Amino acid sequence: MKEKPAPLGDERIAYLEGLVRQGKTAAALFTQFTQQDVDRIVKAMALAGLAQAQYLARLAIEETKLGVLEDKAIKNMVATEFVYDYVRDKPSVGVIREFPERGLVEVAEPIGLIFSITPVTNPTSTVLFKCIMAVKTRNAVIFGPHPNAWQCCREAIRIMYEAAVNSGAPEGVFTCVESPTIPDNVYLMHHKEVRLIDATGGPGAVKAAYSSGKPALGVGAGNTPVYLEKTAQLDMAVVDIITSKTFDNGTICASEQTVVIDDEIYDAVIGKFAELGAHICDARETELLGRTVIDPETGTMRPMAVGQKATDIARVIGLRVEPGTKLLVAPILGVGPGHPLSVEKLFPVLAVYRAKSTEEALRVCIDVNHAGGLGHTAVIFSRNDEIVRQFSEVMDAGRIIVNSPGSIGALGGVYNDMVPTFSFGCGTGGGNSTTDNVNLYHYLNLKRVARRTQAHMWFRVPNQIYFNMNAVENLRQFPSRSTLIVTNPMLEQMGHVDVVRRSIPAGTPVRVLAIPDAEPEVKVVMHGVETLNLHQADQIIALGGGSVIDAAKIMKLKYESPEADLEELATPFLDIRKRVVRYPARKADGVRLIAISTTSGTGSEVTPFAVLIDKDRGRKVTLADYSLSPDVAIVDPQFVMSMPKALTADTGIDCLTHALEAGVSIHASPYTDSNAMQAIRLVFQYLPLAYEQPCDEEARSMMHNAACIAALAFSNASVGVCHALAHAFGARFGIGHGRANALMLPHVISYNASVPTKFMPSPNQRAYVAHKKYAMVADLLGLGGDTVAQKVSNLVIATEELLDRLQIPRSIAEMGIPEEEFERAMPDLAKIAFDDPSWRSNPRMPLVNELVDLFWKAYRGRGGARAAGASDGAAVKEWSYV
Amino acid sequence: MTTNAAWIQVDPQRMQAFRDEAIARLTRAAGEVVLDFSSVKRIDTNGVRALEELAGLADEKSINLVLRAVNMDVYRVLKLLKLAQRFTILT
């Protein structure tokens, strides 16, 4: 049973508190330093460390009795020269990276006081590395070296400290715990002034670091598998493995532990190992090694062997080897408890395994990886890129070293372009927070300065729009091998189809598909697709209202892209550019869609929307994508001259709603505003005339244009809460879309013009401007008023007067819907309206209770509506989009 | 800040002299002592020690120690070391 460490005495606590005080002060003072300051200090430290590389290596050898002097000196040089080379040009103070195109800046913030644990295997090199990292990032460090290496570490710290302070670093920037103990570490790990624990060492220290509750970098043990694949360059591979495994007597935790060799090359590889100074163990020797260098109780390596020479290990365990033997190579037959040498061995004993196939080799490598090496390092020698890829995918290792030595390769910067380090992050597999080679960025708090960006906007409309009386004649310029006219029986009966036919170039094969005059069902669309296929059509002419044109849009989509999943394409989205589902790209040789509208409301001839009814599932879906927009729109008033009065009124108000909602939308732009405002002006001027004098050609023509122009606006700016309410109400009570909008519209204007309970987030609007934009509309219409509030009020009144003139019921109650029935429907109405995507561009984010309130206002009726919340008395002159 | 307060210009080049002068003034003063930091661009360990000492002395004598014209870098150091709360700081 482990003995519980003795608690710290007062004197020891006072000593540790002194270290903390010094470090805390140094860290605070360090925040004043510039990049030039730290770069000057770091250079001085690197030079000092380099100058003492051999001296420190000797101290480490003398104290720890581990490793090889020359190799430790090289490690000290890597920790200074290579690490300095890596950090020298890297900004680490203040702004360190800028991404102007994204409006992002990264600012480096020091962490403060770090408590750093260093290992016995790489003592001075780890200290040199961490000192340079700390100063580069303006942090102070208290070092808690391994108790068996603290004196050489203290000397390394002294050398770095003097170089740093002499170059201007704050006093106390590094301190070292003298004669460190586990209770010292525990005390410091839990100290409130310690901001980060950086533990490089054994599993115990790493676990303690992570258990402290502090932010920690804990990096630990490995068990590196090596796959020596049959296509490898064998001479290079064997030299690399021997170089790596014997480097500092195998003390680097990334060094090779078990080499899995393809059967075809096994004998040749073993021969080369022997030739280059390795002793190949027979079965008896392997068994001897397994029970002597590995503790049978714990299944882990015995400390007495760590960092020792192969010859010394052989001598101690009674194994006869040639003088100068570099490495003991022990063939093993498996991995796991029955095969003691398959675990980590930080000394020059290398297990080898003969694999009959690539699959077996990979499986054994995975077994080794999982036998204590998760997240650390794996090595492969191969010229087969596919096998390298496979190996990389199945190994759980932060570093996959290819065709180079594991230990020196993992250190980075020597055999590859990885970041130089002496701390190997092992990811979650190793219980660590990172798989990185720990580097200066782990010693920084990175602050991101994010500037407000403007979302890219657009104004997308069909390529060609022909308007005014007889615009249909423009069909003559569109040659076609086969044309399908999609319409409804009524329009066919009225002779509109014949008008269209006469404008199609002579000789063009033309078929007519009359579909029901209702929102299109899936089966109607699919029938249309069959017809298109049957006649191999290259042109669709959609002649009708919104339903016919919507049907034609979806027919085109399914005709060109039969694989398109309509239900998936109808998935709701917040931002069309970031939507999950992508529509099929428009095809260069795709079918041409020409839309001729026969109502003056929906504007479907130019919009990217289409509504579809799925009767089987009892639902209605809305498709939205610019690929749905017709290629050509024809806005010819001859097709609306005979439109019934009620339809004229309802579709006209639908058009007005489109324009008003696009005008105050959070996606409104100068491009959409110009269209929205013009449409509003045309509606107020011409809708009463078109309603009262249906044969007035100018009024019909202007209303037809208004519907198209409003659609250009809302195709790009979208609609708002009025549509959400109307969709829910219309569907529930079977009320037409335009009429449903009309019942809601005045109340929605008042609602949007009052200060929102919740604002809608929009990077493109810097202020809430809906009330001011309504006031602009009032000015445009010449409604008078001195203040924004008066102007909004006048707009509401003008809208109500327009509705009255069009003989549109004043309330839902007036339409004969009993109050009790409306009340019963309210929970569903509110839910459906809230789920409707239309309001997502509304200037106010509607709360559910606000939707309920609006429904009730519409139920009770217009007439008393006033812009209650529009309190800004200033005259409106302009507003800001950006 | 009272107009008759003792006023000491902090000279970062002569930290020891500043400390001695400040202690002498604090020992004699009553009410308020103002340390003018307008020449101080950066503070070091000696400066921190001196301020800790002066704060202790001011506490003992119930003197309000005012640091005037402290730049943001120095102010941040005082905040990190929890020293700022021991003074009245005018930036």
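The expected span here is 1.5 Å times one less than the number of residues, and helices (H or I, at least four residues) and strands (E, at least two) are DSSP runs numbered from the N terminus.

The model is predicted: local features need pLDDT of at least 70 and side-chain atom pairs count only at pLDDT 80 or more, while totals for chains, interfaces and linings use all residues. Residues are numbered from 1 along each chain as its sequence is written, with chains lettered from A and ligands numbered from 1 in the order in which they are written.

Chain A is divided into domain 1 (10–48 + 82–219), domain 2 (224–405), domain 3 (464–572 + 589–638) and domain 4 (643–860), with bounds from an automatic or database domain assignment. The C-alpha centres of domains 1 and 4 of chain A lie 64 Å apart.

Next come the nonpolar cores, sets of buried Ala, Val, Leu, Ile, Met, Phe, Trp, Tyr and Cys residues joined through C-beta atoms within 7 Å. The largest has 174 residues, and Met45(A), Ile132(A), Val135(A), Met160(A) and Val260(A) have the most contacts inside it. Helix α6 of chain A (residues 150–166) gives the most to this core, with 10 residues. Domains 1 and 2 of chain A both give residues to this core, so it lies between them. Leaving aside residues up to four places away in sequence, Met45(A) touches Cys131(A), Ile132(A), Val135(A), Met160(A), Ala163(A) and Ala164(A); contact requires C-beta atoms, placed from the backbone, within 7 Å. A second, separate core of 127 residues includes Ile515(A) and Phe639(A).

Chain A also holds an open sheet of 3 strands in the order β1-β2-β15, with antiparallel pairing; strands pair if DSSP finds at least two bridges between them. Strands β1 (94–99) and β15 (444–450) of chain A stand at the edges, each with a single partner strand, so one side of each is left without a neighbour in the sheet. Between β1(A) and β2(A) (residues 104–110) there are 5 bridges, and Val105(A) is the bridge partner of Glu98(A).

Finally, 10 residues of chain B are in contact with 8 residues of chain A.

Notes:
Buried ≥ 20, exposed ≤ 12 C-beta atoms within 10 Å, placed from the backbone. Contact = placed C-beta atoms within 7 Å.
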